[in-house]
Amino acid sequence: MESPLHEPITVGGTLYQPIHANDVVLIRNAAERSNAWLWAAFGPFLLSYGQSRSRAILIGESGGAVIIAIRRRIRGADHLDLVIPPLGDTAISLLQSVADAFAAYNGPNTETRVLWADLPVVASVSVRADWSATPYEHEYVYEREQVLGMAGAEYRMLRKRVNRCEREATPYVREYVAADREACAELLREWQDARESRDEPVFDFGYTLAALEIAESIGSPDLVGVVLEVDGEIRAFAFGGVLRAGIGQFFVQKSDPSIVGLSETTRVELLRRLDGCRYVNDAGDLGHEGLAQHKRAFRPVAFVPTWKLAYRR
């Protein structure tokens, strides 16, 4: 989806170009070197998020690190922020020089932001008066085999809902294929309409729709898709993949809310397909108690705290 925002630019001596499907492996390798946990460091999310006329995700390389920028129009002016801190061996030391270059590009009396940052980066800038950090949310981390086992009293509710779904709806589970795109898009639109009718905000419609469009251009292990059919119709779909070695990622998931346990069953089925991942990051809950309750049923073993950073020279 091209717009002037998607044109390559050079800032601070580094060339930034629009993200493409072949950058997903580059990002995964850089996440490996950074020991990344952030949900937003997932290449397919970044690729999907950039499929918009109102923003572009740009990739640059400098000092052995990968820099992921977001380019938008803010108050009528071209503006650059960092989506996440730089990924790679020199990530933390590079952050300040990138922030200075972006701040110079953005102009005076502006803030240059990092949309998602983790604790090591926050600690590195907290001693500086020109940086400010605002707590954002905690991302849920599950242990894959523990969830799949669903053993013990703590998994009683999850077992109950999955078993009920399998008993009453008998979903047929299979891999997502390109021919499923329109049916999944229609389910996504149904899901959005249901949320909007209850005045519930919808934040992920655009990049979920984009994920359906890019799925055929990205293979496993970077992107794994699953669909669940009920009575011959797709009533749930989900995508995830590998963030880095041993760490998986839930990316997007939508299901028919009228089918009890279908959402939980979809997550479990995607987990089954994230081979080689000991832990899986399921993002945060956006402060929604219903979503938090849903994710707590999977018994997270850890949380990844995130912050938003702002830099003003």
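**Pockets and cavities: the terms**

On a 1 Å grid over the protein atoms alone, a pocket is an open set of points with protein on both sides within 12 Å along at least five of seven lines, while a cavity is a set where a 1.4 Å probe fits but cannot get out; lining residues have an atom within 4 Å of a point. I also noted that points are joined across faces, edges and corners, and that a volume is the space filled by probe spheres set on the points.

**What I'm looking at**

This is a predicted model, where local features need pLDDT of at least 70 and side-chain atom pairs count only at pLDDT 80 or more, though totals for chains, interfaces and linings use all residues. Residues are numbered from 1 along each chain as its sequence is written, and side-chain values use heavy atoms, with hydrogens and water left out.

**Second largest pocket**

I looked here to start: the space is about 330 Å³. It has 20 lining residues, and nearest its centre I found Ser34, Asn35, Ala36, Asp118 and Pro120. Helix 4 (119-125) is among the elements giving two or more residues to this lining (helices are DSSP runs of H or I, at least four residues, and strands are runs of E, at least two, numbered from the N terminus). Helix 4 gives the largest share, three residues. I sorted the lining into 15 nonpolar, three polar and two charged residues. For that, Ala, Val, Leu, Ile, Met, Phe, Trp, Tyr, Cys and Pro count as nonpolar, Asp, Glu, Lys and Arg as charged, and the others, Gly among them, as polar.

**Largest pocket**

This one holds about 1400 Å³ of space. Of its 45 lining residues, Trp191, Asp204, Lys254, Leu286 and Leu291 are the closest to the centre. Strand 12 gives the largest share of the lining, six residues. By class I got 23 nonpolar, nine polar and 13 charged.

Strand 12 (247-255) is one of the elements giving two or more residues to it, and strand 12 has the largest share here, with four.

**Cysteines**

How many disulfides does the structure hold? I found zero, a disulfide being a pair of cysteine sulfur atoms within 2.5 Å. Cys165 is buried at 1% relative accessibility, and Cys184 is buried at 0%. Buried means under 20% relative accessible area, with exposed over 50% and partly exposed in between (1.4 Å probe, protein chains only).
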